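Here is a short briefing to read alongside the sequence and the model.

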Amino acid sequence: MEQPRKAVVVTGFGPFGEHTVNASWIAVQELEKLGLGDSVDLHVYEIPVEYKTVQRLIPALWEKHSPQLVVHVGVSGMATTVTLEKCGHNKGYKGLDNRHFCPGSQCCVEDGPESIDSVIDMDAVCERLTELGLDVTVTISQDAGRYLCDFTYYTSLYQGHGRSAFVHVPPLGKPYNADQLGRALRVIIAEMLGVLEQSDRQGSCCRQR
């Protein structure tokens, strides 16, 4: 019996500040060309660097696609590796977005938990990627930066009950090109899906006992 296709949503960000070409969206477009295989329906979106748009768009994407996984990709000017973020944070948003706005409450979700961890074991994903020997270095982080990246991640983790991931990439050419980033994303997301499926299977076994 043929397995139903899984929906995976992947987002990158539009331009902001010094990032007039945002490496995250370039990387996501490269991923779109490659696809995630025959068993996955890949949906990609470019997100403007605006708090209010994120608050509206992220819940809408979860509702529209009922995805198996949502992966957000962002650029970090400080990064020299591809970085898997473990969690999103609710408070501390003081930086102005592209519309010179920031939330008056400086938080994502009123009365939401302080932070939310992804249900994906990022250490296991990182270990596996190291074994595969990608031509990019992958590391782990627990601080996505208290700007639109972290804000988007927390909002998505809250909506999707933790079935979300965030990947920070360096600016283009520092040191990786668009093709390398796109290929790395493809392998990273495939591994994340594998880890999710394994934990889902273990969870269903536990429930059936």
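## Aromatic pairs and their surroundings

Tyr 147 is partly exposed, with a relative accessible area of 22%; buried means under 20%, exposed over 50% and partly exposed in between, using a 1.4 Å probe and protein chains only. Please keep in mind that this is a predicted model, in which local features need pLDDT of at least 70, side-chain atom pairs count only at pLDDT 80 or more, and totals for chains, interfaces and linings use all residues. Residues are numbered from 1 along each chain as its sequence is written, and side-chain values use heavy atoms, with hydrogens and water left out.

**Ring pairs**

- There are 9 aromatic pairs, where rings of Phe, Tyr and Trp (its six-membered ring) pair if their centres lie within 6.5 Å, and planes under 30 degrees apart count as stacked, over 60 as edge-to-face and the rest as tilted.
- The rings of Phe 13 and Phe 166 make a tilted pair, because their centres are 6.5 Å apart and their planes are at 35°.
- That pair links distant parts of the chain, with Phe 13 in strand β1 (residues 6-13) and Phe 166 in strand β8 (residues 164-169), 153 residues apart; helices (H or I, at least four residues) and strands (E, at least two) are DSSP runs, numbered from the N terminus.
- Phe 13 is buried at 2% relative accessibility, and Phe 166 is buried at 0%.
- Tyr 51 and Tyr 147 form an edge-to-face pair, 6.3 Å centre to centre with 90° between the planes.
- Tyr 51 lies in helix α2 and Tyr 147 in the loop between β7 (138-141) and α4 (148-159), so this pair ties together parts that are 96 residues apart in sequence.
- Tyr 51 is buried, with a relative accessible area of 0%.
- Phe 16, Tyr 51, Tyr 93, Phe 101, Tyr 147 and Phe 151 are linked by ring pairs into a cluster.
- Over the ring of Phe 101 sits the charged end of Lys 52, 4.6 Å from the ring centre (the rule asks for NZ of Lys or CZ of Arg within 6 Å of the ring centre and within 35 degrees of the ring normal).

**The loop between β2 and α2**

- Glu 50 lies in the loop between β2 (40-47) and α2 (51-65), and counts as buried at 15% relative accessibility.
- The side chain of Glu 50 makes a polar contact of 2.7 Å with the side chain of Thr 53; such a contact is a pair of N or O atoms within 3.5 Å, where within protein one must be able to donate a hydrogen and the other to accept it, and residues adjacent in sequence count only if both atoms are side-chain atoms.
- Leaving aside neighbours within four places in sequence, Glu 50 is in contact (heavy atoms within 4.5 Å) with Asp 97, Asn 98, Arg 99 and Leu 148.
- Pro 48 is found in the loop between β2 and α2, and is partly exposed at 30% relative accessibility.
- Not counting residues up to four places away in sequence, Pro 48 touches Phe 13, Thr 53 and Val 54.

**Nonpolar core**

- The largest nonpolar core holds 58 residues, and Val 71, Leu 84, Ile 120, Val 167, Ile 188, Ile 189 and Met 192 touch the most other members; a core is a set of buried Ala, Val, Leu, Ile, Met, Phe, Trp, Tyr and Cys residues joined through side-chain atoms within 4.5 Å.
- Helix α5 (residues 178-208) gives the largest share of this core, 9 residues.

**Cysteines**

- The disulfide count is 0, with a disulfide being a pair of cysteine sulfur atoms within 2.5 Å.
- The sulfur of Cys 107 is 6.7 Å from the closest cysteine sulfur, in Cys 108, too far for a bond.
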